[in-house]
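Hi there,

Here is the structure I promised to pass on. Have a look at it first, and then read my notes below.

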Amino acid sequence: MISRNGNTRKQRRERVQADVVVVGAGIVGSAIARRLSRYRVRTVLLEKHSDVCMGTSKSNNAHIVCGADCPPGKIETEIVVRSNSSYDRVTEELQVPYKRIGTAYVAIKDGEVRKLEAMQEAAAKNGVAGTRILGRDEILEIEPRLTGETRAALWVPHDGILAPYELGVALCENAAKNGVEIRTGCEVKGIDVENGAVGRVICNGTTVQTRVVINAAGLFADEISAMVGWDDFQLYPRRGEFYILDRKCRFLVNHIIYPLPGPITRGATICPTIDDNVLIGPTAVDVEDKRNTGTTREGLREVITGVQRYFPEIRPSMGVTQYAGLRPAGADDFIVAAHPEVRGFINAAGIRSTGISACLGVAERVEALLSEQMELRAKPDYNPFRERARRFGSCSPEEQDSLISRNVRYGRVVCRCETVTEQEILEAIYRVPRACDLDAVKRRTRAGMGRCQGGFCTTRVMSILSRELGLPMEMITKKGPGSEILKRPTKGASR
Ligand SMILES: Cc1cc2nc3c(=O)[nH]c(=O)nc-3n(C[C@H](O)[C@H](O)[C@H](O)COP(=O)(O)OP(=O)(O)OC[C@H]3O[C@@H](n4cnc5c(N)ncnc54)[C@H](O)[C@@H]3O)c2cc1C
């Protein structure tokens with residue numbers, strides 16, 4: 001039987017042998033795992049949640065930035081700028097939709113107009129060419145819904161959008177195809193150091209013997225690092241809140257629109273999403289609880305008032321959902337380095353505001369560090385390609401007919417808002433890493449992401465999960481153990 005987190009019950013008690021353990025299947029750990037899957041190295045990716053990409057990597061702006069406004073002289077900036085061109089190739093290999101729609105930093109006050117030139121110079125110093133200052137008419141021509149107070153904008157053509165969790169899942173699927181073992185529901189509790197080198201990684205119920213540990217635990221990377229005595233940095237959460245607007249609002253905006261960046265963050269943005277919703281936010285508020293990803297009334301109000309200065313038509317009622325993400329603040333720069341004393345420990349930590357844009361570059365840097373610790377021999381049969389699961393709703397009527405005639409499950413629509421069929425849910429459940437709860441299915445298929453936010457499809461998806469996983473309905477969860485949806489059968493109701 002398959003348990004809720006996709007592992008067999010027996011595996012949970014196993015002792016596992018690895019060459020490399022990657023801790024954390026966020027976007028960074030997933031990119032590292034895929035990068036290493038090209039070598040003859042036994043790589044095990046450990047994730048404490050029930051699915052991959054459940055941390056900060058699922059709750060962000062989803063921009064692949066080219067580094068125009070990154071802080072000068074930082075490792076972060078170097079990695080973001082250098083890895084930007086890789087996104088075209090990798091998203092093509094993995095069939096992840098990605099569009100370079102460009103960013104406009106919009107000035108609405110005279111004083112701000114003067115800052116645009118300085119921003120352009122800073123971008124050039126970072127190595128970002130091709131930016132342009134647009135006059136009022138030019139920017140209003142491409143963004144006609146912007147406020148009439150618009151004066152000018154800095155145009156950065158290279159920035160793009162994608163769905164980070166789709167990239168994360170795709171990286172993991174491809175890594176798994178190439179031999180990486182992905183263990184969800186596996187929380188690292190300790191790392192043994194023996195004779196100056198990492199040895200055993202202790203998880204809940206599993207022990208992994210390994211030569212190398214790569215720490216990609218996001219907001220918790222300081223805690224993992226402290227397990228081997230590298231404790232000179234602490235991470236704390238900086239919360240950012242967002243609204244997703246209805247697809248009907250897509251006409252509002254064509255590009256990524258930012259105000260001029262403030263001293264702490266880039267400020268609240270408005271942009272289309274890759275799935276044709278509109279995203280507005282985030283805020284930036286330092287908080288204490290690393291696990292609290294709830295939204296707040298004040299935060300959401302701030303998002304609305306912030307973007308209304310640029311797009312006065314925006315109203316809270318346009319929102320279909322809200323969410324919050326936690327940036328790992330506290331480190332002054334990315335920490336991508338090997339432990340100076342403990343052999344076999346590599347940090348990919350402090351990956352704060354640009355991890356989606358930097359993950360491919362971080363993975364390359366980790367690969368270089370690893371090559372100093374072990375021989376990396378290429379696998380002759382490494383396959384960089386991954387086929388995307390069919391999206392029935394995006395097919396032409398002819399393609400839909402043909403799909404249904406070959407497989408009747410394409411004819412059963414489970415989510416009406418997003419036109420997601422039973423066959424797509426099954427694909428999500430059976431591809432590795434497997435979707436074993438509602439949110440995992442939602443992120444892979446969009447079932448439940450539409451206007452009704454799962455009002456129609458939740459019970460239907462639960463029934464399919466229950467049937468396919470061989471679990472009673474009461475054990476089907478929203479996002480892993482502790483988030484069960486049904487408590488018990490209703491009195492007198494038959495199953
Ligand atoms: C509001 C906001 C907006 C952002 N916008 C952008 C943007 O537009 N573009 C961009 O490039 N970046 C953006 N970012 C930053 C980006 O989201 C992060 O840099 C990136 O997601 C970090 O990825 P990660 O893999 O390091 O961390 P995570 O995604 O948090 O992954 C770490 C993983 O480690 C796991 N883990 C932790 N502890 C353990 C343990 N003990 N055992 C096993 N597993 C463990 C966690 O469960 C998690 O899955 C934004 C962030 C926020 C919050």
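This is a predicted model: local features need pLDDT of at least 70, side-chain atom pairs count only at pLDDT 80 or more; totals for chains, interfaces and linings use all residues.

Residues are numbered from 1 along each chain as its sequence is written, and side-chain values use heavy atoms, with hydrogens and water left out.

Back to the helices. Helices (H or I, at least four residues) and strands (E, at least two) are DSSP runs, numbered from the N terminus. Two packed helices are described by the angle between their axes and the distance between the axes. Helix 1 covers residues 27-36, and its axis comes within 8 Å of the axis of helix 9, crossing at roughly 45 degrees. Helix 1 is therefore oblique to helix 9. For the wording: under 35 degrees is roughly parallel, over 145 roughly antiparallel, 65 to 115 roughly perpendicular, and the rest oblique. The axes are lines fitted to C-alpha atoms, for helices over the stretch in contact, and the angles run from 0 to 180 degrees between N-to-C directions.

Which residues of helix 1 meet helix 9? They are Ile27, Val28, Ala31, Ile32, Arg35 and Leu36, and their partners in helix 9 include Gly355, Cys359, Val362 and Leu370. Contact here means heavy atoms within 4.5 Å. Helix 1 is also mostly covered, with ten of its ten residues buried. (Buried is under 20% relative accessible area, exposed is over 50%, and partly exposed is in between, using a 1.4 Å probe and protein chains only.)

Helix 9 has another partner in helix 3 (residues 86-93): their axes are 10 Å apart and the angle is about 90 degrees. So helix 3 is roughly perpendicular to helix 9. On the helix 3 side, Ser86, Tyr87 and Val90 make the contact.

Now the core. A nonpolar core is a set of buried Ala, Val, Leu, Ile, Met, Phe, Trp, Tyr and Cys residues joined through side-chain atoms within 4.5 Å. The largest one has 79 residues, and Val20, Val28, Ile32, Leu167, Ile214 and Val362 have the most contacts inside it. Helix 9 (residues 355-371) gives the largest share of this core, nine residues. At least three residues come from each of domain 1 and domain 2. There is also a second, separate core of 30 residues, with Cys186, Val188, Ile224 and Val287 among them.

Is Gly24 buried or exposed? Gly24 is buried, with a relative accessible area of 9%. Leaving out residues up to four places away in sequence, Gly24 touches Gly29, Ser30, Leu45, Leu46, Glu47 and Ala216. Gly24 and Ala221 are 197 residues apart in sequence, yet 8.8 Å apart in space, C-alpha to C-alpha.

Glu194, in strand 10 (residues 188-194), is partly exposed at 47% relative accessible area.

Last, the domains, whose bounds come from an automatic or database domain assignment. That assignment gives domain 1 (12-99 + 159-235 + 330-388), domain 2 (100-158 + 238-320) and domain 3 (392-475). Domain 2 and domain 3 have C-alpha centres 33 Å apart, and six residues of domain 2 are in contact with four of domain 3.

Cheers
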